[in-house]
Amino acid sequence: IFAQEGLDVKFDFPKIKTHDKLLIIDREIVVIGSHNWTKAGLDGTQNEASVLIKSRAVAQKYLRYFYEYKWAEGPKERAEKRPQKRRRR
């Protein structure tokens with residue numbers, strides 16, 4: 001729905017997930033937290049935490065992080081940069 005309205009919507013690649021939910025409004029307001037943006041997630045019956053930050057500087061840091069790191073590379077390149085898990089013996 002957001003993309004149909006002309007908003008810039010990005011998703012993680014299927015095998016790489018970002019757990020938090022992030023919304024940046026007008027490059028100035030950041031909403032970030034654990035809430036699912038559904039009726040059940042926002043009706044107060046679940047133990048979730050989110051914050052609203054009104055700061056152009058904070059919004060720019062999040063935008064830079066996602067555009068330069070998360071969305072600029074493909075999944076293969078990002079996977080190669082991840083530390084390897086240690087195998088148990």
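**Entry 1: confidence**

I looked up the confidence and found that the protein chain averages a pLDDT of 76, with 66% of the residues scoring at least 70; pLDDT is the predictor's confidence in each residue, from 0 to 100. This is a predicted model, in which local features need pLDDT of at least 70 and side-chain atom pairs count only at pLDDT 80 or more, while totals for chains, interfaces and linings use all residues. I also noted that residues are numbered from 1 along each chain as its sequence is written, and that side-chain values use heavy atoms, with hydrogens and water left out.

**Entry 2: elements and burial**

I listed three helices and three strands in the protein chain, and from the N terminus on they run β-β-α-β-α-α. Helices (H or I, at least four residues) and strands (E, at least two) are DSSP runs, numbered from the N terminus.

For burial, I used these cut-offs: buried means under 20% relative accessible area, exposed over 50%, and partly exposed in between (1.4 Å probe, protein chains only). Buried residues make up 16% of the 89 residues in the protein chain.

**Entry 3: the sheet**

In what order do the strands of the open sheet stand? I read the order as E1-E2-E3, three strands with antiparallel pairing, where two strands pair if DSSP finds at least two bridges between them. Strand E1 (21-25) and strand E3 (50-54) stand at the edges with a single partner strand each, so one side of each has no neighbour in the sheet. The twist from one strand to the next averages 10°; for such angles, axes are lines fitted to C-alpha atoms, for helices over the stretch in contact, and the angles run from 0 to 180 degrees between N-to-C directions.

I then followed the pairs. E1 and strand E2 (residues 29-33) run antiparallel and are joined by five bridges; in this pair Leu22 stands opposite Ile32 in E2, and Leu23 stands opposite Val31 in E2. E2 and E3 also pair in the antiparallel sense, over five bridges, and here Val30 stands opposite Ile53 in E3. I noted that E2 is mostly covered, since four of its five residues are buried.

I looked up Ile24 as well, which is in strand E1 and counts as partly exposed because its relative accessibility is 25%. Ile24 and Lys54 are 30 residues apart in sequence, and their C-alpha atoms are 9.8 Å apart in space.

**Entry 4: the turn between E1 and E2**

I found that E1 and E2 form a hairpin with three residues between them. Asp26 counts as exposed, because its relative accessibility is 63%, whereas Arg27 counts as partly exposed at 48%.

**Entry 5: the salt bridge**

How many salt bridges does a search of the whole structure find? The search finds one, with a salt bridge being a side-chain nitrogen of Lys or Arg within 4 Å of a carboxyl oxygen of Asp or Glu. Glu28 forms it with Arg56, and the closest N and O atoms are 3.3 Å apart. Glu28 lies in the loop between E1 and E2 and Arg56 in helix H2 (residues 56-70), so the pair ties together parts that are 28 residues apart in sequence. Glu28 counts as partly exposed at 26% relative accessibility, and Arg56 is partly exposed too, with a relative accessible area of 46%.

Leu42 lies in helix H1 (residues 39-42), and Leu42 is exposed because its relative accessible area is 54%.
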